[in-house]
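Notebook, one sitting with one model.

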Amino acid sequence: MDSILSKLFASETEELYVLDCLAYFMIFMAACTFITLLFENVPYGRYATSRYGFPVNVKFAWFVQELPAFLVPLCLVLWTSAAKTTHLPNQLLLVMYFCHYVQRSLIYPFLIRGGKSTPFASFALAFVFCIYNGYMQVRYLSHYAEYSADWVTSPCFITGSVLWLVGWLVNLHSDHILRNLRKPGETGYKIPTGGLFEYVSGANFFGEITEWAGFALAAHSVHSASFSIFTLIVLASRAFAHHR
């Protein structure tokens with residue numbers, strides 16, 4: 001895979017510049033998405049509509065669209081000269097990233113019960129985003145991110161790691177509650193109760209927002225921050241729509 005990267009970029013300086021540009025462009029996309037979502041809900045799940053293309057089976061859509069967020073980073077770690085993967089801060093941050101996407105791409109899709117089909121446009125955009133973000137996050141962490149030896153004991157890293165873990169666990173538990181809302185043969189939507197749903201109406205979204213905010217704090221880079229901002233914009237809008 002190093003040969004592919006060497007054809008795409010004339011030097012590591014150029015690749016790092018591109019990674020920085022991708023991060024700033026994601027922040028720009030987050031701003032555009034925020035404005036768009038003032039007038040339109042993210043078109044999947046209960047807000048799916050035929051205006052955004054033909055329907056794709058929900059399990060197939062989740063599996064295929066999320067898979068690049070796992071496979072692209074895996075290839076970058078295993079088959080490139082990932083210079084920073086021997087450093088403890090980088091290793092721990094990569095573990096956080098992979099913990100989320102192993103569950104999201106290889107486990108979560110096969111636990112879905114029922115659910116509306118995903119419009120093709122939403123499926124395609126999610127697929128592209130997972131390639132984009134997977135490359136940006138993991139290439140930076142595995143090859144360019146520089147941390148001091150004592151970064152893992154810094155307040156930022158410790159606080160961010162705790163937030164990430166809490167958010168990840170809340171997200172997993174909330175998804176479990178949502179899966180078990182319907183009894184066999186039931187359809188339609190119900191108001192979830194239990195866990196953090198006793199305090200917020202979108203506990204699953206709150207968990208994932210917290211998770212990536214913690215990751216951004218621990219990673220302390222524009223790349224992780226841009227993903228956290230984008231996640232906040234998309235999921236907060238969806239949570240607000242659910243609450244209404």
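I looked up His-220 and found it exposed at 53% relative accessibility, where exposed means over 50% relative accessible area, buried under 20% and partly exposed in between (1.4 Å probe, protein chains only). His-220 sits in the loop between α8 and α9. Its phi is positive, about 55 degrees, although His-220 is not a glycine. Helices here are DSSP runs of H or I with at least four residues, strands are runs of E with at least two, and both are numbered from the N terminus.

Before going on I noted the basis: this is a predicted model, local features need pLDDT of at least 70, side-chain atom pairs count only at pLDDT 80 or more, and totals for chains, interfaces and linings use all residues. Residues are numbered from 1 along each chain as its sequence is written, and side-chain values use heavy atoms, with hydrogens and water left out.

**Another histidine**

I then checked His-100, which lies in helix α5. His-100 is buried, with a relative accessible area of 2%. Which residues is His-100 in contact with, leaving aside neighbours within four places in sequence? I listed Trp-168, Glu-208, Glu-211 and Trp-212, contact meaning heavy atoms within 4.5 Å.

Thr-210 is placed in helix α8 and counts as buried at 14% relative accessibility. Not counting residues up to four places away in sequence, Thr-210 touches Leu-163, Trp-164 and Gly-167. I also took the C-alpha separation of Thr-210 and Leu-232, which is 8.8 Å for two residues 22 apart along the chain.

Leu-92 lies in helix α5 and is partly exposed, with a relative accessible area of 33%. With residues up to four places away in sequence not counted, Leu-92 touches Val-152 and Phe-157. From Leu-92 to Phe-120 I have 28 residues in sequence and 35 Å in space, C-alpha to C-alpha.

I compared the length of α6 with expectation. The expected span is 1.5 Å times one less than the number of residues, so the 25 residues of α6 should span 36 Å; the end C-alpha atoms are 35 Å apart, which agrees. α6 is mostly covered, with 18 of its 25 residues buried.

For Phe-215 I wrote down the contacts, not counting residues up to four places away in sequence: among them are Leu-93, Met-96, Tyr-97, Leu-141 and Trp-164.

**Aromatic rings**

I counted 17 aromatic pairs in the structure. Rings of Phe, Tyr and Trp (its six-membered ring) pair if their centres lie within 6.5 Å; planes under 30 degrees apart count as stacked, over 60 as edge-to-face and the rest as tilted. Why is the pair of Phe-60 and Phe-123 tilted? The ring centres are 6.3 Å apart and the planes are at 40 degrees, so the pair falls in that class. Phe-60 lies in helix α3 (residues 58-66) and Phe-123 in helix α6 (residues 120-144), so the pair ties together parts that are 63 residues apart in sequence. Phe-60 is partly exposed at 45% relative accessibility, whereas Phe-123 is buried at 11%.

Tyr-97 and Phe-98 form an edge-to-face pair, 5.6 Å centre to centre with 90 degrees between the planes. Tyr-97 is buried at 0% relative accessible area and Phe-98 is buried at 15%. One aromatic cluster includes both of them, along with Phe-70, Tyr-101, Phe-129, Trp-212, Phe-215, Phe-227 and Phe-230.

**Record check**

Last, I consulted the UniProt record. The unreviewed entry annotates "transmembrane region" at residues 21-40, 60-80, 92-111, 117-135 and 147-170; such annotations may be inferred rather than shown by experiment, and positions follow the numbering used here, with feature names shortened. In the model, residues 92-111 are 80% helix and 0% strand, with end C-alpha atoms 27 Å apart. Residues 117-135 are 84% helix and 11% strand, with end C-alpha atoms 27 Å apart.
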